[in-house]
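Dear colleague,

Please find below the structure that I am handing over to you, with its sequence. My findings follow directly after it.

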Amino acid sequence: MPVFEVFGRRKADDPLEHVGAVHAADPQTALLLVRETHFRHKEGVDYAVVPADQVFRLDDPSLLEHRVDMDYRLQAGYSGFREKRQAAREAADRRGRSHLRERPAPGRGKKVEA
């Protein structure tokens, strides 16, 4: 028997939240079961069912990982800065990008007004 995921909202302005699952033959039967099992005491104002096989989940959890170190957004990200800078320099050297480390001389490239 198919499984239906149940979503409901307690107040009209609340978002739909997952509240459970029911086994039913079809969506209409699932809605009746949900009314009797999840909302018979007027726990909410709206509910919906979705076939469980129609819920798409993320197959590859590594997609949630950041490929770039974004610790700079947190205060804790500034601890160990020297080691992070050294690791970044070594990574640049391995990729043949050590020339990017060079900084332009101060004042270089500025236009001189007469």
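A residue is called buried under 20% relative accessible area, exposed over 50%, and partly exposed in between, with a 1.4 Å probe and protein chains only. By that scale Glu 36 is partly exposed, because its relative accessibility is 41%.

Please note that this is a predicted model, in which local features need pLDDT of at least 70 and side-chain atom pairs count only at pLDDT 80 or more, whereas totals for chains, interfaces and linings use all residues. Residues are numbered from 1 along each chain as its sequence is written, and side-chain values use heavy atoms, with hydrogens and water left out.

The sheet and its helix

Helices (H or I, at least four residues) and strands (E, at least two) are DSSP runs, numbered from the N terminus. Two strands are taken as paired if DSSP finds at least two bridges between them. On this basis three strands make an open sheet in the order 2-1-3, with antiparallel pairing. Strand 2 (17–23) and strand 3 (46–51) are the edge strands, each pairing on one side only. From one strand to the next, the twist averages 30°; axes here are lines fitted to C-alpha atoms, for helices over the stretch in contact, and angles run from 0 to 180 degrees between N-to-C directions.

Helix 1 (residues 27–37) packs on this sheet and touches strand 1, strand 2 and strand 3. The direction of helix 1 makes about 135° with that of strand 3. Contact is understood as heavy atoms within 4.5 Å.

Strand 1 (residues 3–9) is joined to strand 3 by six bridges, and the two run antiparallel. Within strand 3, Pro 51 stands opposite Phe 4. Six bridges also join strand 1 to strand 2, again antiparallel. Phe 7 has His 18 in strand 2 as its bridge partner. His 18 is partly exposed, because its relative accessible area is 46%. Not counting residues up to four places away in sequence, His 18 touches Glu 5, Val 6 and Phe 7.

The nonpolar core

A nonpolar core is a set of buried Ala, Val, Leu, Ile, Met, Phe, Trp, Tyr and Cys residues joined through side-chain atoms within 4.5 Å. The largest such core has eight residues: Phe 4, Val 6, Val 22, Ala 24, Ala 30, Val 34, Phe 39 and Val 49. Strand 1 and helix 1 are the elements that give two or more residues to this core. Ala 30 is in contact with Phe 4, Val 22, Ala 24 and Val 49, leaving aside its neighbours within four places in sequence.

The aromatic pair

Rings of Phe, Tyr and Trp (its six-membered ring) count as a pair if their centres lie within 6.5 Å; planes under 30 degrees apart are stacked, over 60 edge-to-face, and the rest tilted. A search of the whole structure finds one aromatic pair. This pair is formed by Phe 39 and Tyr 47 and is stacked, at 4.9 Å centre to centre and 15° between the planes. Phe 39 counts as buried, because its relative accessibility is 11%. Tyr 47 counts as partly exposed, because its value is 25%.

Salt bridges

A salt bridge is a side-chain nitrogen of Lys or Arg within 4 Å of a carboxyl oxygen of Asp or Glu. The count by this rule is two. One joins Arg 9 and Asp 46, whose closest N and O atoms are 3.2 Å apart. This pair links distant parts of the chain, with Arg 9 in strand 1 and Asp 46 in strand 3, 37 residues apart. Asp 46 is partly exposed, at 33% relative accessibility. In the other, Glu 36 is bridged to Arg 35, with the closest N and O atoms 3.4 Å apart. Arg 35 is partly exposed, with a relative accessible area of 42%.

Two further residues

Lys 42 lies in the loop between helix 1 and strand 3. Although Lys 42 is not a glycine, it has a positive phi of about 60°. Lys 42 counts as exposed, because its relative accessibility is 76%.

Gln 28 belongs to helix 1 and is exposed, with a relative accessible area of 55%. The C-alpha atoms of Gln 28 and Arg 73, which are 45 residues apart along the chain, are separated by 48 Å.

With kind regards
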